[in-house]
Amino acid sequence: MIYIGNHLSASKGYLAMGKAAVALGADTFAFFTRNPRGGKAKEIEPSDVEAFLEFAQEHHFGPLVAHAPYTMNLCSDKEDIRRFARDMFADDLQRMEYTPGNYYNFHPGSHVGQGVDVGIPVIIDVLNECLSPTQTTVVLLETMAGKGSEIGRSFEEIRRILDGVTLQDKIGVCLDTCHIWDGGYDVVGDIDGVLETFDRVIGLDRLYAVHLNDSMNVQGSHKDRHQKIGQGEIGAEGLRRVVAHPLLQGKPFILETPNDDAGYAAEIAQIRSWMI
Ligand code: FE
Ligand code: FE
Ligand code: ZN
C-alpha cells in the first residue's frame with residue numbers, strides 16, 4: 001500500500017485542499033507553501049488548520065508533501081537572492097509546524113555556473129542554519145533532472161548534501177520518477193537496479209516520498225518535462241512497477257502530471273488498481 005495524491009491549489013486553505021483530495025480519491029497531496037514564484041506567503045488560519053487536521057485523521061491521510069517555491073535558489077551566485085531564499089526557507093519551516101509531522105520538499109538549487117563544489121557547501125550551510133531539533137517536519141531534497149546547473153542530478157550529489165547536515169533525522173529525499181529518468185537512471189528497464197543504486201549511494205531509509213510522473217523525453221535527456229501517467233517515455237508498465245515495488249510501500253506518492261481534476265481522478269484510480 002502507498003498513499004496517493006496530486007498537487008493541489010492552496011488558495012482556499014487546508015480544509016479545502018483536504019476535501020479536494022478526497023473528492024479525487026486521494027489520501028495525501030502536495031501544495032506550494034507560497035506562490036510558486038516566491039514572495040509573501042498567505043496568512044495561516046488556525047481554525048482552518050484545526051478543521052483540516054481533524055478531517056485528515058478521519059480520512060486516514062498519509063504524510064503531506066509540501067513543495068517549496070521552485071524559484072527558491074539557496075545557492076545562487078547573488079547574495080540578495082540567497083538571503084531571500086534562506087528567509088523563505090526558514091519561514092516555510094515555521095509554517096509547516098502548523099501541520100506537524102509532514103514533509104517539506106525543495107529543489108536543492110542551481111549553482112548557476114559556480115560549480116557543484118561551490119553550490120553544495122552553501123546549501124548545507126543553509127540547512128544547518130535553519131533546521132531545528134524541535135521541528136516535526138522532515139525536509140526533503142528532490143532528485144533533479146540535471147537541467148541547466150541544477151544540483152541533485154545524481155544520487156551522489158544528493159548524498160554529498162545529506163552528509164553535511166547535522167540533524168540527520170530532519171533531512172531526507174523525495175524521488176521524482178521523471179527527474180531520475182531524465183537524469184539517466186533506467187526506471188523502465190531496471191527499477192530494481194535503480195533502487196539498489198539508491199540504497200548503496202543514499203540509503204533507502206532516507207527516502208520519504210515519491211513524485212510519480214511520466215516524462216516527455218528519453219532517458220538521460222536532462223529536460224524535466226512531465227507527462228501524464230502512461231503517455232510518456234516511461235509508460236504505464238514502468239510506473240506500475242514503481243507503484244508496486246516492495247521497497248517503496250507505505251510512502252506518499254505525488255502526481256505532478258499535466259492534468260485537470262478529471263485527469264487526476266482517473267490517474268489516482270489507475271494507480272489504486274496497481275497497488276499491492
Ligand atoms: Fe519539484
Ligand atoms: Fe517533482
Ligand atoms: Zn519536474
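This is a predicted model: local features need pLDDT of at least 70, side-chain atom pairs count only at pLDDT 80 or more; totals for chains, interfaces and linings use all residues.
Donors to a metal are N, O and S atoms within 2.8 Å of the metal, and water is not among the atoms, so sites may look incomplete.

**Metal sites**

The zinc ion (ligand 3) and the iron ion (ligand 1) are 5.1 Å apart. The table sets out two of the sites.

| Ion | Donor residues | Distances | Spacing in sequence |
|---|---|---|---|
| Iron ion (ligand 1) | His-67 (NE2), His-107 (NE2), Glu-142 (OE) | 2.1 to 2.3 Å | H-x39-H-x34-E |
| Zinc ion (ligand 3) | His-179 (NE2), Asp-224 (OD), His-226 (NE2) | 2.0 to 2.3 Å | H-x44-D-x1-H |

Take the iron ion (ligand 1) again, with His-67 and His-107 among its donors. His-67 sits in strand 2 (residues 65–67), while His-107 sits in the loop between strand 3 (103–106) and strand 4 (109–110), so the two tie together parts that are 40 residues apart in sequence. Is His-67 buried or exposed? His-67 is buried, because its relative accessible area is 5% and the cut-off for buried is under 20%.

The zinc ion (ligand 3) has His-179 and His-226 among its donors. This pair also links distant parts of the chain. His-179 belongs to helix 6 (residues 177–182) and His-226 to strand 10 (residues 226–227), 47 residues apart. His-179 is buried, at 2% relative accessibility. His-226 is buried as well, with a relative accessible area of 19%.

**Strand 8 and its partners**

Strand 8 (residues 207–212) is mostly covered, with 6 of its 6 residues buried. Which strands pair with strand 8? Strand 7 (residues 171–176) runs parallel to strand 8, joined by 4 bridges. Here Leu-175 stands opposite Val-210. Strand 11 (residues 252–255) also pairs with strand 8 in the parallel sense, over 3 bridges. Leu-212 has Leu-255 of strand 11 as its bridge partner.

**Nonpolar cores**

The largest nonpolar core holds 73 residues. Phe-89 and Leu-127 have the most contacts inside this core. Helix 4 (residues 116–130) gives the most to the core, with 6 residues. What does Leu-127 touch beyond its neighbours within four places in sequence? Leu-127 is in contact with Phe-89, Phe-106, Val-139, Ile-161, Val-165 and Ile-171.

Notes. Residues are numbered from 1 along each chain as its sequence is written. Chains are lettered from A and ligands numbered from 1 in the order in which they are written. Side-chain values use heavy atoms; hydrogens and water are left out. Donors are N, O and S atoms within 2.8 Å of the metal (3.2 Å for Na, K and Ca); water is not among the atoms, so sites may look incomplete. Buried means under 20% relative accessible area, exposed over 50%, partly exposed in between (1.4 Å probe, protein chains only). Two strands pair if DSSP finds at least two bridges between them. A nonpolar core is a set of buried Ala, Val, Leu, Ile, Met, Phe, Trp, Tyr and Cys residues joined through side-chain atoms within 4.5 Å. Contact means heavy atoms within 4.5 Å.
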